[in-house]
Amino acid sequence: MAVLKQKSVLDMIKEFRNNWHTLCNSERTTLCGADSMLLALQLSMAENNKQHSGEFTVSLSDVLLTWKYLLNEKLNLPVENMKVTDHYEDIKKSYDDFLKNSNMLDLIDVYQKCKALTSDCEINNTISSSQLRDFLSGKQNAVDDKTDVYEPTSPTNKHNQDNEKVLINCH
């Protein structure tokens, strides 16, 4: 299942790259993965906190809470009963402005642009909003809403680890 989601996301990115001229203003647009999206959100939240309280800081728990809410909101998934941090709209505007000013798109924007490209776009059949949310939040296989089962993304075995140690020691 994890490989299927990753392949679907890669197919979506290929679709975007093949049709960039109809989907964005510049071929030099940078696509942000989950880690870059999370970093942009953290910076946006810290900037927002600086404007409201004078300190350029943000707690990790607030970032993760806002991350969860942002993913669901941007993907038009249910957000009822989800907590959201203070000044969320300001944070979201800062996040969107940061991406725009940096000529970047996050994977949700890419997904939405590909989905809007055509009604029978290949991406519509390969990945759903909830699958993209799960991919971005690191869920590999969701058993139910409360339990996550994670699969290693790059399995290693003792032989590979021993070879790496030898290579490191030789250099």
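Predicted model: local features only at pLDDT ≥ 70, side-chain atom pairs only at ≥ 80, totals over all residues.
Me: What is the confidence of the protein as a whole, and which elements have the lowest and highest mean pLDDT?
Reply: The mean pLDDT of the protein is 79, and 74% of its residues reach 70 or more.

Me: Why is Cys32 called buried?
Reply: Buried means under 20% relative accessible area. Cys32 has 1%, so Cys32 is buried.

Me: Where is Cys32, and what does Cys32 touch?
Reply: Cys32 is in strand β1. Not counting residues up to four places away in sequence, Cys32 touches Met37, Leu99, Met104, Leu105, Asp106 and Leu107. Of these, Met104 is 72 residues from Cys32 in sequence, but the two C-alphas are 6.7 Å apart in space.

Me: How do you know that the span of α3 is close to the expected one?
Reply: The expected span is 1.5 Å times one less than the number of residues. Helix α3 (residues 34–53) has 20 residues, for which 28 Å is expected, and 28 Å is what the helix reaches from its first C-alpha to its last. Just after α3, Gly54 takes a positive phi of about 90°.

Me: Which residues of α3 are buried, and what covers them?
Reply: The buried residues are Met37, Ala40, Leu41, Ser44, Met45, Ala46 and Asn48. Their cover includes β1 (30–32), α4 (60–74), α5 (88–101), β2 (104–106), α6 (107–117) and α7 (129–137).

Me: What makes a set of residues a nonpolar core, and how many residues has the largest?
Reply: The members are buried residues of the nonpolar kinds, Cys and Tyr included, joined through side-chain atoms within 4.5 Å. The largest such core has 31 residues, and those with the most contacts inside it are Met12, Phe16, Met37, Leu132 and Leu136. At least two residues each come from α1 (2–18), β1, α3, α4, α5, α6 and α7. Leaving aside neighbours within four places in sequence, Leu132 is in contact with Val9, Met12, Leu75, Leu107, Ile108, Tyr111 and Ile127.

Me: What makes Asp11 and Lys7 a salt bridge?
Reply: The cut-off is 4 Å from a side-chain nitrogen of Lys or Arg to a carboxyl oxygen of Asp or Glu. The side chains of Asp11 and Lys7 meet at 3.2 Å, N to O. The two are four residues apart in helix α1, so about one helical turn separates them. A search of the whole structure finds six salt bridges.

Me: Why is Lys93 called exposed, and why is Asp97 called partly exposed?
Reply: Lys93 is at 52%, so Lys93 counts as exposed. Asp97 is at 31% and therefore counts as partly exposed. Asp96, at 30%, is partly exposed as well.

Definitions and conventions:
Residues numbered from 1 in each chain as written. Heavy atoms only, no water. Buried < 20%, exposed > 50% of the residue type's maximum accessible area, 1.4 Å probe, protein only. Contact = heavy atoms within 4.5 Å. pLDDT = per-residue confidence, 0-100.
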